[in-house]
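This briefing concerns one protein structure.

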Amino acid sequence: MLAVTPATLIGPDLKAHPIEITTLDNHTLNYFDEERTLRSADIDRYVQLREIGDSETMDLSGMPGVWLTNGQRFSGSWVGPTDDGAGLQWRHNRIGTISIMLEDIAHVSWVPGDATDLRAVPNSDVITLINGDTLSGFVSALTGQGVTLVSESGDAPVTIPYGRIASMSLSNPKTQVIEPNHRLMLADGTRVQADRLEISGGLVSCRVFPPGELPNDIQMPIDELARIDFWAGGLRLIDLTELPIRARHKTYVFGLPAPLRLSGRSVRMHAPGEVAIE
């Protein structure tokens, strides 16, 4: 029996096409359309394959992980600092252990429940402690004892033990990935650059490009894959909730404040108003 997986295929016109995936062979996607007609399509004609199975409906908020300045993200577990203190090692159950330099890091979350707003770059490095307190300054190194922070007041550097830290946000500017690779979003929230995509028999095979590492061939069940952002000549379909967004004016309902709220991938407004997306 031919294995199929429901998904939504989106082209440059942003029209969503419900499909059932049968196979993907690097450049050619084979699927059943809404009329149950078997079709083939060049993935270069599309920008995104999303809602693959039920994966993208999972709540991924607050999961431990490392966010990079170029938009990649790796869920998993903390291994430790690099030997030179200029970065960290992180382990993902499919990709393995990777080394990430401080200059490439946007945010690190060590514990579940992190509610840090990651859409804007902070003016200085910020460490959030388990008790909710924050410390700001410049993170100069990661050592075996903890994170070394130079305070904004210019005091002597202090080392904060990892066991006291919930998360760390660095003021590194955002960068763009310009390599002609696809971007995979896994069900655990990981986002990684990849090519040589294949889907067959309920399995996904690809070559991923972790930061600072050689390309790595991996294989996983298709239910671990949530979304594929195809290269599509450089076009990217971006969720608005991934960008800095703010209300231009205060909004009210029956005279009471009704501020803009972000919930997962949804933007919620209870009254007419204007928002600015940067």
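The structure holds 3 aromatic pairs, where rings of Phe, Tyr and Trp (its six-membered ring) pair if their centres lie within 6.5 Å, planes under 30 degrees apart counting as stacked, over 60 as edge-to-face and the rest as tilted. The model is predicted: local features need pLDDT of at least 70, side-chain atom pairs count only at pLDDT 80 or more, and totals for chains, interfaces and linings use all residues. Residues are numbered from 1 along each chain as its sequence is written, and side-chain values use heavy atoms, with hydrogens and water left out.

**Aromatic cluster**

- The ring centres of Trp-78 and Trp-110 are 5.5 Å apart and their planes stand at 65°, so this pair is edge-to-face.
- This pair links distant parts of the chain, 32 residues apart: Trp-78 belongs to strand E8, and Trp-110 to the loop between strand E11 (105-109) and strand E12 (125-129).
- Trp-110 also pairs with Tyr-162; their centres are 6.2 Å apart and their planes at 40°, so the pair is tilted.
- Tyr-162 lies in the loop between strand E15 (158-161) and strand E16 (165-169), 52 residues apart from Trp-110.
- Through these ring pairs, Trp-78, Trp-110 and Tyr-162 are linked into a cluster.

**Burial of the cluster residues**

- Trp-78 counts as partly exposed, at 24% relative accessibility; buried means under 20% relative accessible area, exposed over 50%, and partly exposed in between (1.4 Å probe, protein chains only).
- Trp-110 counts as buried at 14% relative accessibility, and Tyr-162 is buried with a relative accessible area of 14%.

**Sheet containing E8**

- An open sheet of 3 strands has the order E8-E9-E10 with antiparallel pairing; strands pair if DSSP finds at least two bridges between them.
- Strand E8 (77-81) and strand E10 (96-101) stand at the edges with a single partner strand each, so one side of each is left without a neighbour in the sheet.
- From one strand to the next, the twist averages 25°.
- Strand E9 (residues 87-92) is joined to E10 by 6 bridges, and His-92 stands opposite Gly-96 in E10.

**Charge over a ring**

- Arg-36 lies over the face of Phe-32, at 4.5 Å from the ring centre; the criterion is NZ of Lys or CZ of Arg within 6 Å of the ring centre and within 35 degrees of the ring normal.

**Whole protein**

- The protein has 0 helices and 27 strands, which are DSSP runs (helices H or I, at least four residues; strands E, at least two) numbered from the N terminus.
- Of its 278 residues, 41% count as buried.

Technical notes. Axes are lines fitted to C-alpha atoms, for helices over the stretch in contact, and angles run from 0 to 180 degrees between N-to-C directions.
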